Amino acid sequence: MDGVVPVHCLWRWFLPDCLELFGDLFGQISPYWFAYVGVAFAIGLSVLGAAWGIFVTGSSLVGASIHAPRITSKNLVSVIFCEAVAIYGIIVAIVMATRIGYSAHAETDTVTKYGGYALFAAGLVVGLSNLFCGLSIGVTGSSCALADAQDATLFVKLLIVEIFASALGLFGVIAGIIISSKASLGGGGSNG
Amino acid sequence: MTETSIRPPDGSGDRLIAIIGDEDTVTGFLLTGIGDRSTPEPTFFVVRRDTTDDAIAEAFERFTSRREDLGMILITQNAANRIRGNIEAYEGRVPAVIEIPSKDQVYDPRQDTLMQRVQRLLGIRDR
Amino acid sequence: MSQRHVLPVVPSRMTLTQIKARLQGARRGHALLKKKSDALTVRFRALLREIVDRKFRAADLLRNASFRFAAVKYVVGEELKHVVLEGVDHAETRLRVRFENVAGVPLPSYRCVTVATDASTAFESRENGAAEALNPSRSRVVGATSIVQYRGLGRGGQQIISCRDAYQEALSALVELASLQTCFMVLDEAIKITNRRVNALENVLIPRLENTIAYIVSELDEQEREEFFRLKLVQNRKKRELARSQATELRARERRAAQALNAFDLNSFHEALGAETAAAESLLEQTTGHDPDLLNI
Amino acid sequence: MDMLTFNADNGYLEAVVRGLKASLLRRNDYTNLAQCENLEDVRTILNSTDYAPWLQNEPAPLQTQALFDCLTERLVHDYRSVRSQAYAPLSTFLDYITYPYMIDNLVLLLMGVLRNRDLGEVLDKCHPLGLFEGMATLAVVTSPEELYREILVDTPLAPYFAECVSVHDLTEMNVEIIRNLLYKAYLADFYHLCVKRIGGTTGAVMASLISFEADRRVINITLNSLDTALRKDERVALFPRLPGGLDDEVVYRLGRADDLQAVALAMDLSGTYRALFQQAAEREDHSLEDQFLEHEMKLLREAFDVQFHYGVFYAYFRMREQEIRNLTWIGECITQKQYAHASRVVPIL
């Protein structure tokens with residue numbers, strides 16, 4: 001493999017003849033690698049976002065509920081929103097996984113190649129959007145729990161902020177599903 | 001002691017002021033510089049919540065009988081009420097025992113031994 | 001009065017004069033002491049009123065001071081108490097006791113003096129009285145006791161100073177009160193002693209002297225009477241002697257006459273002689289019989 | 001990034017402290033308390049707050065001192081429970097909060113040593129938040145040098161001592177000067193900890209709080225040293241100077257001020273404090289100290305408006321201290337029958 005680039009030649013990447021080198025590099029990688037890495041991103045980053053959001057909001061919730069126990073049940077909504085992010089991730093990952101089938105000559109099949117890239121992109125889209133969505137819900141959820149503990153009338157207003165944050169994840173999910181719906185590896189998926 | 005230079009001409013040395021009372025009153029008076037710790041026994045006695053009557057009486061006896069250098073003893077009414085017997089039994093003139101109102105009580109002249117005497121005398125003579 | 005207080009004296013003219021002089025002295029002393037007692041009582045009553053006034057004033061001042069202390073605690077915190085209690089070293093405010101002689105009674109008067117224990121600061125000894133209250137800014141510089149020096153620099157220094165001033169004011173009021181109170185006790189005692197003396201003079205000494213005088217007078221009278229009676233008795237006895245000697249002489253003369261002149265009418269002579277003897281006997285009876293005092297001797 | 005990582009270690013404690021802060025007495029509570037006739041009424045009102053368990057064991061005629069002890073006990077309890085759950089940078093931060101108490105205690109001990117007091121007795125009077133290791137061995141200390149060698153070098157305050165006080169000074173210098181020098185070093189160190197070592201939101205919030213504290217000290221030291229024997233260069237040496245505090249020009253003028261007039265003139269150059277100064281002059285029942293407290297409470301409240309920083313811990317404990325002050329003041333006013341003044345407190349919330 002001649003894809004090894006000496007460090008001192010990095011500037012070359014920005015020259016046209018380097019493009020050839022990248023093409024070679026990606027061309028050598030199996031579409032299945034892209035597809036499964038996409039799936040991994042989708043679920044992994046989503047769970048990361050959800051988990052992060054839950055600990056940010058959860059620790060505040062636990063602390064605040066000591067002096068204001070009434071907030072626990074209401075503010076579980078924030079945790080559920082975070083959890084939803086992980087669920088988005090797993091849904092998209094399942095959808096993506098159904099797009100993958102076995103093909104004996106995947107390296108040369110452009111449809112399969114296309115599907116690999118598409119699933120990779122869909123995974124990144126869903127994963128990243130869910131990661132940030134989770135973080136955003138976590139931070140707002142944490143603030144919401146603290147604010148609710150101080151003043152019960154604030155909860156509903158702050159919940160709207162959280163809902164907007166959790167909508168961010170849905171955008172990624174929609175885009176991811178649309179992108180992955182075009183993909184089919186080795187005849188995977190119904191429309192392949 | 002540096003008071004040698006200011007000894008009054010008639011030879012009577014300066015005397016100290018002792019105080020028995022709650023922490024705040026004692027501290028307040030100490031701000032005026034009356035406290036003395038040059039001898040092992042300080043010239044003030046703080047009555048705290050857990051101070052027993054015996055301890056107050058002991059301090060009072062110490063100030064009145066065992067010390068020569070005191071000129072007057074201030075004692076808050078709360079503390080004085082707890083050792084009323086000792087105060088009534090005290091006959092000396094120097095140190096003069098003066099009851100002062102306690103921080104958390106309005107001054108009640110009826111409890112003051114001296115004032116009782118004064119009022120009685122005034123009452124009898126006025127009648 | 002049943003029992004008679006009489007001084008053990010020898011009743012004589014001399015003692016009588018002496019006792020009379022003493023009585024006069026006692027009367028004058030009684031009048032003087034009475035006057036002193038009244039004067040002291042007047043002073044005493046004024047003092048009582050002043051004590052009451054001062055006491056309430058001091059109570060007010062102290063109340064204000066306690067309140068200022070609460071303000072200090074608000075700003076500085078409780079920690080100040082410990083620092084002050086621990087920071088006590090040498091007393092810088094002391095009492096100067098002076099004895100004033102008022103009408104023979106030594107009255108102690110107290111005065112607050114500030115003693116500078118720090119050698120570097122200027123020596124300062126002055127009254128911590130009203131002058132300071134009038135001029136607190138000056139007292140802050142000069143009269144600053146080292147216990148408050150730099151105290152509360154970071155926070156609350158002004159509150160501490162104002163609290164210190166309030167307590168100082170209360171203290172000087174209390175010191176004045178102490179003078180008055182001691183005066184009160186001394187005067188009380190002085191009045192008691194004076195009254196006791198007045199009463200002693202009035203009820204014991206003067207009656208006793210009067211009794212003694214009466215006793216001496218009666219004693220002297222009696223002596224006089226005794227003397228008179230004795231004289232009378234002697235006179236009587238002498239008279240009787242005389243009568244008796246006359247009678248014997250008469251009898252002897254009679255006998256001699258009888259022996260010499262038996263021719264005389266004896267009867268008529270006896271009659272004459274008997275009358276003379278009866279007269280002498282009745283005289284004797286007269287001197288002995290009617291004086292009742294004679295039996296008491 | 002504070003908002004993403006802060007909660008991993010401190011989210012729980014921050015929420016706990018915010019919950020505690022919600023239990024602080026409010027303006028209308030103080031109005032009610034100021035109406036009380038005696039301390040038992042105060043107890044009745046406080047029984048409806050979080051103070052109930054702390055007060056219930058006090059014998060019936062409640063005394064101001066007892067009230068104060070209960071409040072302090074609660075503060076100490078709160079602090080210890082928070083401190084015991086804190087992780088690394090926060091625990092250091094919380095330790096720093098107690099250093100002022102430690103300075104007070106050390107000054108007290110130093111006075112005890114200088115005057116040959118029984119240190120066990122002095123130890124009883126130390127603030128429980130300012131206790132440090134090695135206090136148990138204090139009984140053997142007989143001289144300031146020993147105190148320094150045996151005790152001080154092991155305390156967290158040792159660097160401050162090394163910075164500003166020599167062993168010789170311990171006996172020579174006025175303890176109040178030492179206290180202020182230590183406090184100055186402490187503020188600088190605390191500032192460094194918050195801004196440089198912790199940084200982020202904490203740094204930004206704490207910088208304003210600590211520099212306010214420093215400014216307040218500068219002004220107070222100036223005012224309180226006006227008529228004392230303190231020399232001007234000594235005065236300037238006590239000024240804690242922090243970036244973001246008073247202007248150099250103002251500090252220079254304060255350092256040279258001879259009377260109140262000069263201080264007021266210097267204050268005119270500084271926006272925030274000029275307003276405080278003027279208000280103190282206008283409002284009769286409020287001293288400058290009250291104005292400072294009011295301003296401080298405002299800053300502390302603002303600290304609570306920001307999330308994910310350590311400033312809330314500092315703010316909470318300062319607020320607690322203020323509440324203790326307020327309640328003690330009300331207690332004093334009630335016991336001294338000065339009811340009219342009872343409402344003259346600086347409310348926290």
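1. Let's begin with chain C, whose elements follow the pattern α-α-β-β-α-α-α-α-α along the sequence. That gives seven helices and two strands. Please keep in mind throughout that this is a predicted model. Of the 297 residues in chain C, 33% count as buried. Among contacts in chain C with a separation of 6 or more, 75% are between residues 24 or more positions apart.

2. Chain A has 192 residues, and buried residues make up 46% of them. If you take the contacts in chain A between residues at least 6 apart in sequence, 87% join residues at least 24 apart.

3. Now for the meeting of chains B and C. How many residues does each chain give to the contact? Chain B gives 46 residues and chain C gives 46 residues. On the side of chain B that touches chain C, the elements giving two or more residues are β1 (14-21), α1 (23-30), β3 (70-76), β4 (96-100) and α5 (113-126) of chain B. The largest share of that side, seven residues, comes from α1(B). By class, the residues on this side of chain B divide into 24 nonpolar, eleven polar and eleven charged.

4. Chain B also touches chain D, in a contact that takes five residues from chain B and eight residues from chain D. The side of chain B that faces this contact has one nonpolar, no polar and four charged residues.

5. Helix α1 (residues 13-76) of chain C and helix α18 (residues 311-335) of chain D have axes that come within 9 Å and cross at roughly 175°. The two helices, α1(C) and α18(D), are therefore roughly antiparallel to each other. From α1(C), the residues Ala70(C), Lys73(C) and Tyr74(C) meet Arg325(D), Thr328(D), Trp329(D), Glu332(D) and Cys333(D) in α18(D). By class, this contact of α1(C) with α18(D) has four nonpolar, one polar and three charged residues.

6. Helix α18(D) has a partner within its own chain too. Helix α5 (residues 64-84) of chain D packs with α18(D) at an angle of about 170°, and their axes are 9 Å apart. That angle makes α5(D) roughly antiparallel to α18(D). Residues of α5(D) in the contact include Leu67(D), Phe68(D), Leu71(D) and Leu75(D), and among those they meet in α18(D) as a group are Phe313(D), Phe317(D), Ile324(D) and Leu327(D). By class, the contact of α5(D) with α18(D) has ten nonpolar, five polar and three charged residues. Thr328(D) and Glu332(D) are included in the α18(D) side of this contact, and Thr328(D) and Glu332(D) are also among the residues of α18(D) that α1(C) meets.

7. A further helix pair in chain D is worth a look. Helix α16 (residues 271-282) and helix α17 (residues 288-305) of chain D pack at an angle of about 135°, with 8 Å between their axes. This makes α16(D) oblique to α17(D). The crossing of α16(D) past α17(D) is right-handed. Here Leu276(D), Phe277(D), Gln279(D) and Ala280(D) in α16(D) meet Leu288(D), Gln291(D), Phe292(D) and His295(D) in α17(D). By class, the contact has five nonpolar, three polar and no charged residues.

8. Which residues of helix α14 (residues 248-256) of chain D are buried? They are Val250(D), Val251(D), Arg253(D) and Leu254(D). Because these residues cover an arc of only 160° around the axis, they lie on the same side of α14(D). The buried residues of α14(D) pack against α12 (200-224) and α15 (260-267) of chain D. On the face turned away from the buried side, α14(D) carries the exposed residues Asp248(D) and Glu249(D).

9. Finally, two backbone details in chain D. Phe308(D), in the loop between α17 and α18 of chain D, has a positive phi of about 65° although it is not a glycine. Phe308(D) counts as buried because it has 25 C-beta neighbours inside 10 Å. Lys337(D), in the segment after α18 of chain D, is not a glycine either, yet has a positive phi of about 60°. With 14 C-beta neighbours inside 10 Å, Lys337(D) counts as partly exposed.

Definitions and conventions: Residues numbered from 1 in each chain as written. Chains lettered and ligands numbered in written order. Predicted model: local features only at pLDDT ≥ 70, side-chain atom pairs only at ≥ 80, totals over all residues. Axes fitted to C-alpha atoms, helices over the stretch in contact; angles between N-to-C directions. Helix = DSSP H or I, 4+ residues; strand = E, 2+ residues; numbered from the N terminus. Parallel < 35°, antiparallel > 145°, perpendicular 65-115°, else oblique. Left-handed = near helix turned anticlockwise from the far one by under 90°. Contact = placed C-beta atoms within 7 Å. Nonpolar A, V, L, I, M, F, W, Y, C, P; charged D, E, K, R; others polar. Buried ≥ 20, exposed ≤ 12 C-beta atoms within 10 Å, placed from the backbone. Arc of directions from axis to C-beta.
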